Amino acid sequence: MRKMVLLAIVSCMGPALAGEPPSRGEPPSRYGVDAPELAHLGEHAVGVRTLHLVEHGQIDVLAFDAAKGSAPLADRALTVDLWYPAHPRPGAPREVYAAKLPSEPPAAPASFSVPGIAVRDAAPSGTSWPLVIVSHGYSNDPAAMTWLTENLASKGYVVAAIRHDDPPITDRTRFPQPLMRRPLDIAFVARDLQRTLAADHLVDPARTALVGYSMGGYGVLTAAGATLDPNGGAVKLVPGGLMLPFARGGALVSDAVTVKGLRAVVAISPAGGGSLAAWGAEGVRVITAPLLLIAGDNDKTVDYKTGARAIFDMASGAHRYLLTFKEGGHSIGLSPAPDSMRQRLWDQDWFEDPVWRKERVNAINAHFITAFLDYYVKGDESRAGYLNVPVTESDAGMWPAASPPAYDAYSPGAAEITLWKGFQRNHATGLEFLQSDARPAP
């Protein structure tokens, strides 16, 4: 079972690498003419800077000594990439992000680069922005998620993406480390940045959101309050009972794991369900922050039915949404594959879905994430129409042909028009969007 669980997480990425020629083409955060309305960049220029945080006295799970039944404590160093609304100097060069991901053994890690719109260390503009913490997938890197991080910063968010510095996904013996560290890293970074960035007047700590992909989805759901099952796979796979203090009924759950000031949670292709059984129904019901789940119903890595779909059904304490890409797989959380990652199928499959065009996936995700965060974090009531879709199946949406607007017009989602608001005629297919109200706990 352990091998099945480890193999089942095989789709998410790792650390930064310089020295590769910049990729050509458009930055992934800038979408094309067929993108839904809210996907497009906002009004703000974007800056990026890198922070280095240290959490002292943390359990080193990979140094667990079975003979002694204990693990040493060590400082946990984390790098965080921060995107924010900015005033860049005229003519300043745009950032080119570089990273590497594990390749199919025995090949060396594959490096790639991604062009951006952000300016390194540009002066921030404005104050008291909402804070969004982003957690990547297993062995991923924030450089592969700029489709979202830059995009949200242009819309008036401060976005902090954690480099979790995972062990390679190809080394299955080290899986306990991301299992234990994901929610702890997220909660620590949120606490630290809520304090330090608020002191600099850059963020409003009471308006915090979490976004996670795959293993990051497991992390943000746990940090949002989903209590870990003491008898579940996530806790049991961590040796020596090291995870028990952070599981349901443990002494450290509230202080060490749970993020305060939370307004919204987005989990893309979330791990944690299925055979991993991280929370159980009881644990997921504890989430109260509004929740947006995004998944493909043909996800062969974390499984749709026992993953995102089951979480949607069980998370009854939260007002929640589920966006489903019909026939979509697991790899819907990263940018389109850079040219250097298209030479081998393993490398390309980090990024690309076998069925859906990736630029299309990213644009649809950016549209719904923008509507969701604007509504629940910023309190923008105008976004309600984008979330309250008139028909759950996008293919069933209608836009009567009388008085046709311009060919590329966005649906207003009003009166007899049931084509989803913000989508263009003939460009809202293959999707399902479910919504469910929160129910009080029994």
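Me: Which residues in H2 meet H10?
Reply: On the H2 side they are Trp147, Leu148, Asn151 and Leu152, and they meet Asn362, Asn365, Ala366, Ile369, Thr370 and Leu373 in H10. Contact means heavy atoms within 4.5 Å. Helices are DSSP runs of H or I with at least four residues, strands are E runs of at least two, and both are numbered from the N terminus.

Me: How does that contact split by class?
Reply: The contact of H2 with H10 has six nonpolar, four polar and no charged residues. Nonpolar covers Ala, Val, Leu, Ile, Met, Phe, Trp, Tyr, Cys and Pro, charged covers Asp, Glu, Lys and Arg, and the others, Gly among them, are polar.

Me: At what angle do the axes of H2 and H10 cross?
Reply: Roughly 40 degrees, and the axes of H2 (residues 146-153) and H10 (residues 358-376) come within 10 Å. Axes are lines fitted to C-alpha atoms, for helices over the stretch in contact, and angles run from 0 to 180 degrees between N-to-C directions. That angle makes H2 oblique to H10; under 35 degrees counts as roughly parallel, over 145 as roughly antiparallel, 65 to 115 as roughly perpendicular, and the rest as oblique.

Me: Before I go on, where do these values come from?
Reply: This is a predicted model, in which local features need pLDDT of at least 70, side-chain atom pairs count only at pLDDT 80 or more, and totals for chains, interfaces and linings use all residues. Residues are numbered from 1 along each chain as its sequence is written, and side-chain values use heavy atoms, with hydrogens and water left out.

Me: What does pLDDT average over the protein chain?
Reply: It averages 93, and 94% of the residues score at least 70. pLDDT is the predictor's confidence in each residue, from 0 to 100.

Me: Where does pLDDT stay under 50?
Reply: Over residues 1-24, for which the model has 75 contacts beyond four places in sequence.

Me: Back to helices. How far apart are the axes of H3 and H4?
Reply: They are 8 Å apart, with H3 (residues 176-199) and H4 (residues 215-223) packing at an angle of about 55 degrees. That makes H3 oblique to H4.

Me: Which H3 residues meet H4?
Reply: Pro178, Leu179, Arg182, Pro183 and Ile186 do, against H4 residues including Met215, Tyr218 and Val220.

Me: Which residues does the cis peptide bond join?
Reply: Proline 105 and proline 106, with omega about 10 degrees. Proline 106 is in the loop between strand E3 (96-101) and strand E4 (110-115).

Me: What about serine 139?
Reply: Serine 139 has a positive phi of about 65 degrees although it is not a glycine.
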